[in-house]
Amino acid sequence: MSIKVYVPRDSAALAVGANSVAKAIVAEGIRRGIEVSLVRNGSRGLLWMEPLVEVETPKGRIGYAEISMDQVASLFDANFLEGGHHPACVGLVEDIPYLKRQQRVTFARCGITDPISVADYKKYLGYEGIARALQMTPESIVQEVIDSGLRGRGGAAFPTGIKWKTVLGANEDQKYIVCNADEGDSGTFADRMVMEGDPHLLIEGMLIAGIAVGANKGFIYVRSEYPEAFYALEEAIKAAKESGYLGKNIQGSGKEFDLEVRMAAGSYVCGEETALLESLEGRRGIVRAKPPLPALEGLFGKPTVINNVLSFAAVPSILAQGANFYMNYGSGRSRGTLPFQLAGNLKFGGLVEMAFGLTLRELLFDFGGGTATGKPMKAVQVGGPLGAYLPESQWDTPMDYEAFAAIGAVLGHGGVVAFDETIDMSKMARYAMEFCAIESCGKCTPCRIGSTRGVEVVDRMKHGDEPEAQEQLLRDLCDTMLNGSLCAMGGMTPYPVLSALNHYPNDFKSNLNKISEKRGDKYEPA
Amino acid sequence: MTKIISINEAGHQEQAYAIASSMKHMQGALLPILHAIQEKIGFIPSETVRIIADELNLSRAEVHGVISYYHHFRDTAPGKSVIQVCMAESCQSMGSDALAQHIEAKVGCAMHETTSNGNVSLEPVYCLGLCAQSPAVMINNQLHAKMTPQKFDALLAACLGEVQ
């Protein structure tokens, strides 16, 4: 019997040479006359270890970390196919503390299975959620999701079941399910890992949503920066169709549901749900005013469930194992687990799925291992480009929606980006405004004009041109953007800007102050 | 004065017509059509806008508006190689600003530009989703993480065909 060797097909592994490692393993096996059965799995989320090659042995799966093409021959020499000793060996993968400590629900399967294989998916509770849903009434499916306490994982944290209930109650023949896979936040990659490493989970979640609200068509809107996710989804959809999980008469139930993957085109604001719907309809991604809610008038004017990848991906476990199973994780009103993404300047970046309630410090140091550069950590941005920067005094905040709101921050999509002491926070504040200026859809004035003015004001502060007056102006501007913008793009850009200003005021002091006073000249914007 | 249509332009129009007419029945067909044309031709030539508009029963302004709105769509031909450098927060925390400067100097053009010999186009991107392995770049749709100036120089040499 041939020995199973796993080399991830996740982008994070491909970006450090996984394809050439996979090819080299097959070639070396042929050269030595050893039969190797290669599986391209998803990633375990221990991203500093990629490419993480695993071998199936009677004891369990043994891992070999950070393997390059040149090391493949030495792996064979060390008899890695029987778990032999090698400097890169990390032992049983399941026993690695980073993985063992986690509470994996959504990511229970990711990295273990062949992502495209329906049989592999079903080996680990796959398609059991839909099996149960098909025995239930639409109302009771929706009630199960409400009871689980699941809230939208895209960032807004709106109760998923309530959204579904509105769509279920809408009296229309045509309804749609739309998945927001426009994961544009820096510091986030959990959606990508689901799509590349366990795409049937997303398919099943959307299928359950379709059965629950009476929609027969779904779209997955994937960002163009994620070509691998796009291909993996297309392959998995084909496999699901062949196994009777998509198409007409799903599993003999007489119900119909079809899925299509659509590629976005590099606009950050299309992650906002109404802009995304505009884009899917073939227009510029301009934000729509609400109401009407997409749940009543969404895609092509029809009632639409639009949820993030992680929201849909949480649903199959809720249906398969019951609302209580999911509800029992978490703290306060934040129920279930959140796949946190540790990114930026951290020694051990990766995916950490835990119940809500652990502290940011635990994530940064117990999992993340501190900064990659070894320098003291200065600031942490949680929740993407529109999330606040947190100084050390706030790192003991529990990771839950309400605790973060209480300190003027957001959990968002669970991205955590760490910065060491070399970072200039006025530069990050300026960047937040600049990013908003680049990505603003232009519909509302606070966002379109405010962001450009914001860049200029930060520049003037740094040049020591009436810094106190500029600071007041920046605060006023942030107030206008916060309260006057149509969507979160302009409405939340002040979070990183104000948190940087409030917690790191020294970074905004001009080093040109004295020079320009002496010369008596003032900064003139270019 | 009659406009002389070059063979190239006529060819582009033919390709665009074949794509647009075969895909126009999709729901929300414009973005998939634009992706298909860009995939085929490398960019979306201005002479194809009218064809797309006619097929979808849209105005030329609507089609042009969509092409110019999205960062991904190009209306001019890119360099033979396209290098995208992630400039978002996570990559900044690992020195992407300095890396970008190195890349601009090494390639010989600034971001959003193409080298004068047409070999390389440089583009900033805001997140390639490799945030735990920053900084990241994408060269001709191939992802590369944990980028360093040395690694970049080797990759650039390889894509310019300088490796012996």
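Two residues are in contact if their C-beta atoms, placed from the backbone, lie within 7 Å. The model is predicted, so local features are given only at pLDDT of at least 70 and side-chain atom pairs at pLDDT 80 or more, while totals for chains, interfaces and linings use all residues. Residues are numbered from 1 along each chain as its sequence is written, and chains are lettered from A and ligands numbered from 1 in the order in which they are written.

**Helix 15 of chain A**

Select residues 360–367 of chain A, which form helix 15; helices (H or I, at least four residues) and strands (E, at least two) are DSSP runs, numbered from the N terminus. Its buried residues (20 or more other C-beta atoms within 10 Å of their own) are A:Leu360, A:Leu363, A:Leu364 and A:Phe367. Turn the view down the helix axis: the buried residues fall within an arc of 120 degrees, so they line one face of the helix. That arc is taken over the directions from the helix axis to the C-beta atoms. The cover over these buried residues includes helix 4 (97–100), strand 13 (350–355), strand 14 (377–382) and strand 15 (389–390) of chain A, together with strands 12 and 16 of chain A.

**Helices 7 and 10 of chain A**

Select residues 138–148 and 199–213 of chain A, helix 7 and helix 10. Their axes, lines fitted to C-alpha atoms over the stretch in contact, are 7 Å apart and meet at an angle of about 130 degrees, on a scale from 0 to 180 degrees between N-to-C directions. Display A:Pro138, A:Ile141 and A:Val142 on helix 7 of chain A, and A:Ile208, A:Ile211, A:Ala212 and A:Val213 on helix 10 of chain A, which make the contact.

**Where chain A meets chain B**

Now show both chains: 46 residues of chain A are in contact with 35 residues of chain B. On the side of chain A, the elements that give two or more residues are helix 1 (11–14), strand 8 (258–263), helix 12 (273–280), strand 12 (337–344) and strand 16 (415–420). The largest share, four residues, belongs to strand 12 of chain A.

**Chain B**

Followed from the N terminus, its elements run α-α-α-α-β-α-α-β-β-β-α. The C-alpha trace of chain B spans about 50 × 35 × 25 Å along its principal axes. Of its 164 residues, 38% count as buried.

Key:
A residue is buried if 20 or more other C-beta atoms lie within 10 Å of its own, exposed if 12 or fewer, and partly exposed in between; C-beta atoms are placed from the backbone.
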